[in-house]
Amino acid sequence: MRFEIITLFPEITQWFEVGLLGKAAEKGLLSFVTHSPREHATDKHRTVDDAPYGGGSGMVLKAPPVVASLRHLDALRGGPSRKIMLTPQGAPFRQETARRLANEPALTFLCGRYEGFDERIRSHMDEELSLGDFVLFGGEVAAFAMIEAVARLLPGVLGNSESPVEESHSTGLLEYPHYTRPAEFEGEGIPPILLSGNHAKIAAWRREQAILRTRARRPELLDNADLSEQEREWLRNHPEEEE
Ligand SMILES: C[S@@+](CC[C@H](N)C(=O)[O-])C[C@H]1O[C@@H](n2cnc3c(N)ncnc32)[C@H](O)[C@@H]1O
């Protein structure tokens, strides 16, 4: 998949060179392009922002250089791309969003700065996404987060192809607790079932833990989680104070 980021800081490419993202790029599974709207600014200071009509604080990203950036990337790529505006006013980004976007051949993320975008840029985008109900300086961190969430769902990117299936939010549940060596740490042991070697029992314990942990931390997720009637009945009979 091709990831494109329109940003005033196109030098932020190091992020794509590290860890599994970097390895996937080396293998040719992913590619990254950053592009600055300043390349399409026409004055000698390469201005891409201006004061808001009607007055008020802050500066607004101008439509012409941003739309020119979108067209420039379209021409470079040749094929289609889903164009995503990053904004705290957008739809919340979720795991299901990542799953949907993982089917696209290319994604173009538009990062704002300052007060945000001239409203007329919106009609050039396919959708608007928010990383959460808070405000960042710019869209770059949101783009990184969304790119990671999408990239790790693509075939071949994760070493262990099982990993994304059991993870938090993939099944509508939070993931079960993990332990690794040593078996005892500062007087705290591990659940004995994990040493039993009985894989069926371990899987059943993990499933129960995932359900209980979801109820304790994010009970609203259980409404849409993939639970059997038997599991829901078991949960009703399992006292919360035991968690
Ligand atoms: C300081 S913010 C502008 C916020 C804007 N004035 C508003 O109230 O909606 C600058 C840029 O950061 C990015 N940004 C900030 N918070 C974000 C969030 N929660 N999700 C995605 N992008 C965000 C957007 O690209 C935004 O244009």
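**Elements and order**

I began with the secondary structure, and I found seven helices and seven strands in the protein chain, where helices (H or I, at least four residues) and strands (E, at least two) are DSSP runs, numbered from the N terminus. Reading from the N terminus on, I noted the order β-α-β-β-β-α-β-α-β-β-α-α-α-α.

I kept in mind that this is a predicted model, in which local features need pLDDT of at least 70 and side-chain atom pairs count only at pLDDT 80 or more, while totals for chains, interfaces and linings use all residues. Residues are numbered from 1 along each chain as its sequence is written.

**Overall dimensions and domains**

The C-alpha trace spans about 70 × 45 × 40 Å along its principal axes.

The chain is divided into domain 1 (2–151) and domain 2 (171–242), with bounds that come from an automatic or database domain assignment. I read a distance of 38 Å between the C-alpha centres of domain 1 and domain 2.

For burial, I count a residue as buried if 20 or more other C-beta atoms lie within 10 Å of its own, exposed if 12 or fewer, and partly exposed in between, with C-beta atoms placed from the backbone. On that basis 21% of the 243 residues count as buried. Two residues are in contact if their C-beta atoms, placed from the backbone, lie within 7 Å, and among the contacts with a separation of 6 or more, 76% come from residues 24 or more positions apart.

Strand 1 (residues 2–6) is mostly covered, with four of its five residues buried. It pairs with strand 2 (residues 31–35) in the parallel sense over five bridges, and here I take two strands as paired if DSSP finds at least two bridges between them. Within this pairing I noted Ile 5 opposite Thr 34.

Strand 1 also pairs with strand 6 in the parallel sense over five bridges, and Ile 6 has Leu 110 as its bridge partner there. Strand 6 (residues 106–110) is largely enclosed by the rest of the structure, because four of its five residues are buried. Strand 5 runs parallel to strand 6 and is joined to it by four bridges, with Arg 82 opposite Leu 107.

**Ligand shell and two residues of strand 5**

I then listed the 19 residues around the ligand, of which Pro 88, Gly 112, Gly 116, Gly 139 and Ala 142 come nearest; a residue is near a molecule or strand if its C-beta atom, placed from the backbone, lies within 6 Å of it. Strand 5 (residues 82–92) gives the largest share of this shell, four residues.

Is Thr 87 buried or exposed? Thr 87, placed in strand 5, counts as buried because it has 21 C-beta neighbours inside 10 Å. Leaving out residues up to four places away in sequence, Thr 87 touches Gly 112, Gly 116, Glu 128 and Ser 130.

Gly 90 also lies in strand 5, but Gly 90 is partly exposed, because 17 other C-beta atoms lie within 10 Å. With the sequence neighbours up to four places away not counted, Gly 90 touches Met 85, Glu 128, Leu 129 and Ser 130.
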